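Hello,

Here is the structure we talked about. My notes follow below it.

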There are 2 protein chains.
Amino acid sequence: MDVDTRLVRSFLAVAEEGSLTRAAERLYVSQPALTKQIRSLETQLGVRLFTRSRAGMALTEAGQALRERAPGLLAACDQVLRETKSAARVAARVLRVGFLASAANEATQDIVAAFGRLRPGWRVEMLQAAWSDPSAGLADGEVDAALLRLPFPGQETLRHEVLLEEPRWVALPSSHPLAARAEIAFADLWDEPFVAAPQETGEWRDYWLAADERDGRPPRVGATTDQPDAWLQAIANGYGVALAPASSARYYARPGVTYRPVTGVSPTRVGIAWPPAADTDPVVQDFVRCCRDTCASM
Amino acid sequence: MDVDTRLVRSFLAVAEEGSLTRAAERLYVSQPALTKQIRSLETQLGVRLFTRSRAGMALTEAGQALRERAPGLLAACDQVLRETKSAARVAARVLRVGFLASAANEATQDIVAAFGRLRPGWRVEMLQAAWSDPSAGLADGEVDAALLRLPFPGQETLRHEVLLEEPRWVALPSSHPLAARAEIAFADLWDEPFVAAPQETGEWRDYWLAADERDGRPPRVGATTDQPDAWLQAIANGYGVALAPASSARYYARPGVTYRPVTGVSPTRVGIAWPPAADTDPVVQDFVRCCRDTCASM
DNA sequence: CCACATCCATTCCATCAGGTTATCGATACA
DNA sequence: TGTATCGATAACCTGATGGAATGGATGTGG
């Protein structure tokens with residue numbers, strides 16, 4: 001009666017996609033491997049979970065039963081594992097803070113220093129997240145708190161506080177004609193290709209494409225990147241332009257990339273976020289206070 | 001974030017035993033294999049779960065956290081898997097009934113036949129359980145209901161109804177001097193070696209050794225068996241005698257084994273048991289009714 | 001003080017589970 | 001009737017896993 005949770009996750013993927021082939025690509029494994037996984041799960045349970053057909057994979061009654069219960073089970077699993085890791089960090093007096101490249105920028109060091117004074121003996125572990133995870137590890141419980149840019153997907157299920165606000169500028173190839181101007185109207189960028197965040201970030205990607213401020217015109221995407229360096233590279237290569245916090249001009253200066261103020265787009269806000277479960281965690285709350293105080297005095 | 005539940009079970013065993021070596025024998029694996037499993041779990045979690053020493057394995061804070069949460073998690077896992085299997089049986093219109101060798105004996109066929117009339121289209125799958133599991137698969141949810149002998153371990157957490165009562169007889173080697181008597185007083189058997197159920201059945205084993213009716217004298221155990229055939233074999237071989245339901249004389253007659261009535265021991269009762277969750281399951285309740293009605297009219 | 005017992009860790013080796021690529025058979029569709 | 005798509009299968013390769021034997025550290029008893 002022992003089952004690897006991975007098999008259950010695979011099962012769920014197949015159940016959701018209704019197709020081995022599609023589930024296989026979603027899971028980044030080959031289709032035959034998934035075939036074997038599913039059959040292995042069925043064998044271990046001694047139960048048929050799907051009825052196969054040319055049209056795809058349809059759930060049997062047993063499959064439906066499992067499909068209803070599996071998500072909760074997996075969530076419980078993840079929860080337990082996270083709590084275990086969390087216990088280790090508490091024991092080691094380590095606070096894990098995720099941050100998005102260019103989130104708090106200059107404030108970050110001051111915040112950490114302030115926390116160090118407030119909680120001597122504790123260490124802050126800063127984990128930079130890729131842009132493919134705009135919640136900076138909070139969504140999957142990898143961190144105790146996160147410095148990030150608002151808005152971000154999953155925002156509703158987490159607590160957050162706004163720390164800073166700054167205008168959005170544009171980063172463009174130095175050779176770009178518009179780079180000659182001291183300031184650029186966003187409307188002039190509507191038809192430019194943009195370097196964007198990965199598709200799966202949804203709301204976040206749209207926000208940095210300023211999809212709402214284009215008067216309904218669809219954005220053009222010239223490249224997709226996940227990391228600051230790839231992002232700078234793509235811009236320098238001329239694959240596109242991108243909106244960025246004004247502070248990026250100081251933090252991510254690079255030959256071939258020019259930053260210019262933009263009019264006609266809303267500013268961006270930096271926030272500190274934490275899971276509801278940490279509302280009563282004195283250490284996390286101390287960190288939040290450090291963020292608030294440090295940023296208020298800037 | 002994917003962990004095989006077997007690793008968690010291994011972890012729990014080590015945590016409970018406080019020792020790799022002892023846990024390894026309990027799990028029937030070699031000690032190095034367990035060492036690797038535990039290390040693998042620690043690696044996957046990125047957390048130390050034990051502090052090693054010559055004295056054994058002591059839990060770290062993270063280990064304690066996991067130790068508290070793991071049992072519930074594993075129980076939830078098992079529960080989901082059982083419900084999945086159960087859904088398959090319902091879909092196939094199969095009712096699984098565990099039974100203990102010599103439980104309902106002649107009544108069994110009548111019960112199944114009655115159920116077949118009450119629920120046409122349904123099939124009853126009878127699963128014989130070994131004596132090492134006196135709950136006949138109910139305890140681990142393998143069956144929907146079970147015909148068994150009362151009392152049985154775990155009785156409190158399950159529903160049950162008494163169906164029949166019959167005297168306990170003794171089965172002894174035909175060559176045994178007492179086999180010449182028509183009836184035997186239990187006190188005459190106090191010093192005989194007994195063929196007993198496995199140690200781990202606790203209460204059940206004691207009941208069939210009639211430990212309570214020996215006037216405080218400890219029973220002698222000449223052999224331990226798990227299955228009717230081994231049991232008969234052991235008796236025929238002269239390893240010991242054993243108490244048995246009177247009906248065994250009809251159902252388990254065998255050359256070399258003689259059954260005789262015994263005075264001075266309480267009778268044995270046959271019951272039908274089901275999990276509380278099945279209180280509202282109409283099919284299970286129909287089966288219970290068939291048991292009740294069939295046995296009442298005998 | 002020296003075997004000895006008792007821990008856990010390590011090494012080496014055999015086996016097997018799990019992955020991948022290539023291919024097949026069946027079926028719907030143009 | 002080609003063609004695309006779906007799942008199943010075959011052949012192969014690698015890495016994980018388990019077992020036996022052994023090692024190192026540390027109390028324990030004669």
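Four strands of chain A make an open sheet, in the order S8-S12-S7-S11, with mixed pairing. Strands here are DSSP E runs of at least two residues, helices are H or I runs of at least four, and both are numbered from the N terminus. Two strands pair if DSSP finds at least two bridges between them. S8 (184-185) and S11 (242-245) of chain A are the edge strands; each has a single partner strand, so one side of each has no neighbour in the sheet.

This is a predicted model: local features need pLDDT of at least 70, side-chain atom pairs count only at pLDDT 80 or more, and totals for chains, interfaces and linings use all residues. Residues are numbered from 1 along each chain as its sequence is written, chains are lettered from A and ligands numbered from 1 in the order written, and side-chain values use heavy atoms, without hydrogens and water.

Back to the sheet. S7 (168-173) and S12 (257-263) of chain A run antiparallel, joined by five bridges. A:Pro173 sits opposite A:Val257 in S12(A).

- A:Leu20, through a polar backbone atom, at 2.7 Å.
- B:Ser30, through a backbone N or O atom, at 3.0 Å.

Best regards

Conventions: A polar contact is a pair of N or O atoms within 3.5 Å; within protein, one must be able to donate a hydrogen and the other to accept it, and residues adjacent in sequence count only if both atoms are side-chain atoms.
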